[in-house]
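The sequence and the three-dimensional structure are shown first.

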Amino acid sequence: MADSIKVSLQKRTIMGKKLRDLRKSGILPATVYGKGVGPFTVQLPQKAFVDLIRKAGRTRLVELEIPGEAVVSAFVHTLQRHPVTRDVIHVDFHAVDLKVEVRISVPIHLTGSSILVSLGDAVLNQAMMSIEVIALPTALPSAIEVDISGLDELDKNIHVSDLVAPAGATFAAHDEDLVVNLTPARAEEVVEEEASVEPELIREKREEEE
């Protein structure tokens with residue numbers, strides 16, 4: 001796992017309706033909580049959080065520095081967004097014990113390319129966008145990489161059993177769960193041959209007139 005990211009927080013005294021003014025000034029309200037930790041009401045610059053979420057997502061460990069408190073190891077847990085603008089208006093940090101395993105959903109990133117997809121003969125279907133990983137907080141990967149270059153036939157696919165878990169980590173999903181497969185890009189057109197039936201010619205015998 002990559003090194004954790006350090007984040008400096010400030011304790012927050014503003015609550016309730018006044019939080020609107022706090023956000024307008026570019027400050028994001030937050031809460032830090034966990035077993036035996038807090039909860040602490042804190043804040044940080046909105047720009048700092050944008051940079052943090054870009055680097056850490058929700059799977060990379062962050063070290064929270066809170067004035068007067070010991071450094072807290074945590075993950076970005078819950079984001080509250082504005083119903084219209086979708087801007088983040090509050091964030092929860094979940095503190096963890098570095099000696100206790102956690103279960104977190106980790107994104108799946110596809111690498112490589114399938115020759116059938118490149119040729120336009122198949123469409124790639126990613127059935128799983130993320131997978132739950134069980135590991136110590138310091139052993140959690142930021143993503144699980146899946147190489148799709150081996151998908152060179154339509155009947156080939158990738159299941160959880162084909163993935164390699166990082167050292168010290170296990171997958172919570174079932175081995176038979178589908179991760180990626182291929183489907184034909186164009187359905188084969190079935191052309192029905194029209195049977196050409198010759199109409200029977202009914203010839204009426206004409207009586208010869210003498």
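## The chain and the confidence of the model

The structure is a predicted model. Its protein chain contains three helices and 14 strands. Of the 210 residues in the chain, 31% are buried. Among contacts in the chain with a separation of 6 or more, 63% are between residues 24 or more positions apart.

The pLDDT of the protein chain averages 86, and 87% of the residues score at least 70. Over residues 188-193, by contrast, the pLDDT is below 50, and this stretch has zero contacts in the model beyond near neighbours in sequence. Where pLDDT is low, the predicted coordinates should not be read in detail. For the helices and strands, the lowest confidence is found in helix α1 (residues 19-24), with a mean of 90, and the highest in strand β12 (residues 157-159), with 96.

## A four-strand open sheet

Four strands, in the order β11-β8-β10-β13, form an open sheet with mixed pairing. Its edge strands are β11 and β13 (170-171), each of which pairs on one side only.

Strand β8 (residues 102-111) pairs with β11 in the parallel sense, over four bridges. Within this pairing, T111 has D147 of β11 as its bridge partner. Strand β8 also pairs with strand β10 (residues 130-135), here in the antiparallel sense and over six bridges. S105 has E132 of β10 as its bridge partner, and P107 stands opposite S130 in β10. Strands β10 and β13 run antiparallel and are joined by two bridges. The bridge partner of I134 in β13 is T170.

In β11 (residues 144-147), I144 and V146 form the covered face, while E145 and D147 form the uncovered one. In β10, the covered face consists of I131, V133 and A135, and the uncovered face consists of S130, E132 and I134.

Which strand holds T31? T31 is found in strand β3, which spans residues 27-34. T31 counts as buried because its relative accessibility is 16%, and the cut-off for a buried residue is under 20%. Apart from its neighbours within four places in sequence, T31 is in contact with R12, P39, F40, V42, H90, V91, D92 and F93.

L44 lies in strand β4, which covers residues 37-45. With a relative accessibility of 1%, L44 likewise counts as buried. When residues up to four places away in sequence are not counted, L44 touches V7, S8, L9, G26, I27, L28, A30 and F49.

| Pocket | Volume |
|---|---|
| Largest pocket | about 300 Å³ |
| Second largest pocket | about 200 Å³ |

The lining of the largest pocket has 15 residues, and K35, V37, A95, V96 and D97 are those nearest its centre. Strands β4 (37-45), β6 (72-81) and β7 (88-95) each contribute at least two residues to this lining. By residue class, the lining of the largest pocket comprises nine nonpolar, two polar and four charged residues.

Which residues line the second largest pocket? They are R23, G26, I27, L28, Q46, H82, T85, D87, V88 and I89. Strands β3 and β7 each supply at least two residues of this lining. The lining of the second largest pocket divides into four nonpolar, four polar and two charged residues.

Strand β7 supplies at least two lining residues to the largest pocket and at least two to the second largest pocket.

Methods:
Residues numbered from 1 in each chain as written. Predicted model: local features only at pLDDT ≥ 70, side-chain atom pairs only at ≥ 80, totals over all residues. Heavy atoms only, no water. Buried < 20%, exposed > 50% of the residue type's maximum accessible area, 1.4 Å probe, protein only. Contact = heavy atoms within 4.5 Å. 1 Å grid on protein atoms, 1.4 Å probe; cavity = no way out; pocket = protein on both sides within 12 Å on 5 of 7 lines; lining within 4 Å. Points joined across faces, edges and corners; volume = space filled by probe spheres on them. Nonpolar A, V, L, I, M, F, W, Y, C, P; charged D, E, K, R; others polar. Pairing = 2+ DSSP bridges. pLDDT = per-residue confidence, 0-100.
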